[in-house]
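Dear colleague,

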Amino acid sequence: MSEEELSDNETSQLGELVVSSPPNEKARRLGIGNRFGRSADGRLEFMPQVDAEPDEDLLRVGSALQGVFAPLNRSVSDAAPDSISDTLLISKSDAHLRPLNKLMSIEDEADLAAGRHGTIRNSESADSAGAPSSVGPSSPTTHPCVPFEARRSETPPRRKSQPSPLTPWRAQEAPPGEKREKQGDVKEMKTKGAKPESSEKEKALLAQIRELERQLTKEKIRKKEQAKASKESEARRKLIVCSQRLPYRVSRDAEGELNVGYVSGMAAAYESIRRLDITWVGCPQVAVPLDEQQALRELLALKGCVPIFAPPMVLERAEAISSEVLWPLFHYIPLSMLDSDTDMIHKQWEGYKELNQLFSQEVAQLAKPNDLVWVHDYYLMLLPALIREVAPKMKIGWFLHTPFPSSEIYVTLPLRKEILRGVLAANLIGFQIYDYVRHFMTACSRVLGTDVNIESTYILDSLSGTAVTVDAFPAGIDVAKFEAMLESAELKDKVIELQRRFDGKKLLLGVDRMDYIKGIPHKLIALEKFLENNPQWANRVQLVQIATPPRGDTSRYQKLRNKVHKLVGRINGRFGTLEHAPIHYLDQPVSTCDMCALCFLAEIALITSLREGMSKVAFEFIACQRRNRGVLILSEFAGAAQTLGSGALLVNPFNTDEVSNAIYQALHMPEAEREDRHVNMIDYVNKFTMQFWGDDFVTELLTQEQEHELLSLAMPTPLPRAELLDSFSKHSAPTSKRLIVLGLLGTLISFNSFMAAEPVQDPLWKDLLTIASDPRNVVVIVSGRERALVSQFLSDMPVWVIAENGVYYRLGPRAADWNCTLSENLDDSWISSIKPVFKYFEERTPNSFTEIQEHTITWHYREADEDFGEIQASDLQMHLEKVLGNQPVEVFLDSKVVQTAKV
């Protein structure tokens, strides 16, 4: 086979799927030759064609990675010097660069993830073709599903921020003229011998961090390869999957006999996990009397399922709080907007806990020490903690299929702490996209006060003493199922039938559950506006809207259904004729064959969800588009927008004008652009399937076995009381000397007592006085407070005192003289110049205060809002470093304070 034939039919080493590539596939995968890219506001725009020759090494890697991706290696300046994430932790996004056995060794991939992959040539124009753009350690990273896109940016972003792991990384390049000026400035600095921006010490520290990240990446890849390999000599391990409903439908036939059949699509996710035995735990879909439960248990055992027979009242209460409280709240519908009594949350909470306890009891009987447990969705958010109580060493994963709201929405939940504590007991917590990861970590920080670093993938939970891994695992679809359906004779007959039915019409497709978060009224109003602005299309477009009935037919859904029916009737009445109606509406589900046929024929798929975890319909539409290369109009509030955004038309469903314009753009889109967009999306759909999602999550859960042993947060070992007293007694001779060093704030007096100016408690004061009065003891009290305040708390205690973190010290009680460790000729005029700055930030940040000492000034934000306080502290530190750049002072941020002191 020739080299050209090989390049036209490349094999992906990630998904092990063979995908036929168009002639420009190689250029597209390297981010060059594309016809469209993203503008500054996130919209797609046309880009110039580029014919420059890419680097050969990148071509080889690009054929497997489907794009060029820069790894996440944060610089030291991006976080506080004490941040553990900058020295010990790396993002899971690095691990998304899966091992490419045929392309690179583990060592090579570790080098790639640590930033040692050379340079990327920018070949966008002839002027810049010769200027390589090095990818440094602080380059963002992306999920391997989204192609690299390089474009010019006339206005660089104001602030660097970590993008979502699923957002395309785009190289931002200055205009050629500006670039030449900057290069000239660099040359001029070198000729003048200007001082480099970073010192040699910082460079050495950065090199050590890079090396440590390289080693950690290499070790992670080794662990994942080891987790995937199943040795025949090892005993088979079990994966226990817990979900509210079993994947097999339990129903009764005409004679009332129980039958087990119909496998849900979720079961396909575990087909690729052959190294583990799968056991399902869940509730059957029908009520089962006590005398039939054993028979059903035996039937389900043949399918690898274990049923949970919960009392009807427990199921009813758990369903109520899940569907009426948690589900709306997770989709950004506040509790105050619900037509229900808020007391219902507390009334139904007991049923929710009891259902989780029933699952916990069943898992405890099934699981062995080496087994794994995977818990699904918001019905079982307490289950990880309940399992942890009975099996402390169990490896537990929890995945949420819905969105997770921002912390401002989540904090309105009355039982917010209990739910978060239940989830944090898991070893691995998964979400659909990175936005939900960030929202969850922020909620944990605000509600529980956990130590969270958004740049890392760990939550440091001091209560459980572990570092919990939180990451994004976008779920796909079972592509093989749709490919088999597309080849069936049944589908071909259905396609021919529908072609005759909609002959000559542009078919628009909408498939939604009748739900108020699906945005069906918004979609219909947008179509009505499109027909108003373009009446010539009234007889040429056909919207097929399938509205699947909801599981619970409540009054709220009935109101929504009536509203949708009125809109459909109004639009068909205005723009329809005797021969044609613009909307073909179905209030019922359709078969898989009908669904595939509609997706195959549709020119446009219209998805206007107001909030949605992922949107599987978008994936199914792309998988079935073999002929038309249809256009996907996708809500930017659906999780799929972050995975298919490179090829879809993203819209705001609340802006009906924008949706209407997107319909017009899709109907007039050139074939070449439709092809480019489709190629971007079909590559992702084919590679990141449901099977890939299941295997990826389980593999990550297996790697947590070693990681959590290394990252467990053990409390410091307390001083051995007996040994300490014994040693103290041994050195009781008159000639012995004992040095005892104590802190003031946090040791002798609490922070709250210090703020209230309360003295040291009497029992502690007497004990301290007894120890300090012994001539064989030298007691040293260390404090960061000013000497007058320290003297007020310690009074005439015969101890040595160090104040203002070492600026002053005295070797005796209050009558002793204070000594200063700084120069005698001190110039503290800088303090008065920055007092207004501290006052400004104090007024802007509630519950913060400024402490002005003799030679230092400190801003405390311990009691301020967690997120806002950190932002304000960073801004204050940055501002002070600029203002005091020429002063011999040091500005540092540590332990909820920003302090400026003389050096």
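The notes below concern the salt bridges.

Please keep in mind while reading that this is a predicted model. A search through the whole structure gives 23 salt bridges, and I describe some of them here.

One of them joins the side chains of Lys523 and Asp512, with an N to O distance of 2.6 Å. This pair links distant parts of the chain, since Lys523 belongs to helix H17 (residues 520-533) and Asp512 to strand E18 (residues 506-513), the two being 11 residues apart. Both Lys523 and Asp512 are buried.

A salt bridge also forms between Glu675 and Arg629, whose closest N and O atoms are 3.0 Å apart. Glu675 sits in helix H22 (residues 671-687), whereas Arg629 is found in the loop between helix H20 (616-624) and strand E22 (631-635), so this contact ties together parts that lie 46 residues apart in sequence. Glu675 is partly exposed, at a relative accessible area of 27%, and Arg629, with 21% relative accessibility, also counts as partly exposed.

Helix H22 holds another pair, Arg677 and Glu673, which are four residues apart and therefore separated by about one helical turn. Their closest N and O atoms lie 2.9 Å from each other in a salt bridge. Here Arg677 counts as buried, at 4% relative accessibility, and Glu673 is likewise buried, at 3% relative accessible area.

Finally, Glu528, Glu532, Arg570 and Arg574 are linked with one another in a network of salt bridges.

Technical notes:
Residues are numbered from 1 along each chain as its sequence is written. This is a predicted model: local features need pLDDT of at least 70, side-chain atom pairs count only at pLDDT 80 or more; totals for chains, interfaces and linings use all residues. Side-chain values use heavy atoms; hydrogens and water are left out. A salt bridge is a side-chain nitrogen of Lys or Arg within 4 Å of a carboxyl oxygen of Asp or Glu. Buried means under 20% relative accessible area, exposed over 50%, partly exposed in between (1.4 Å probe, protein chains only).
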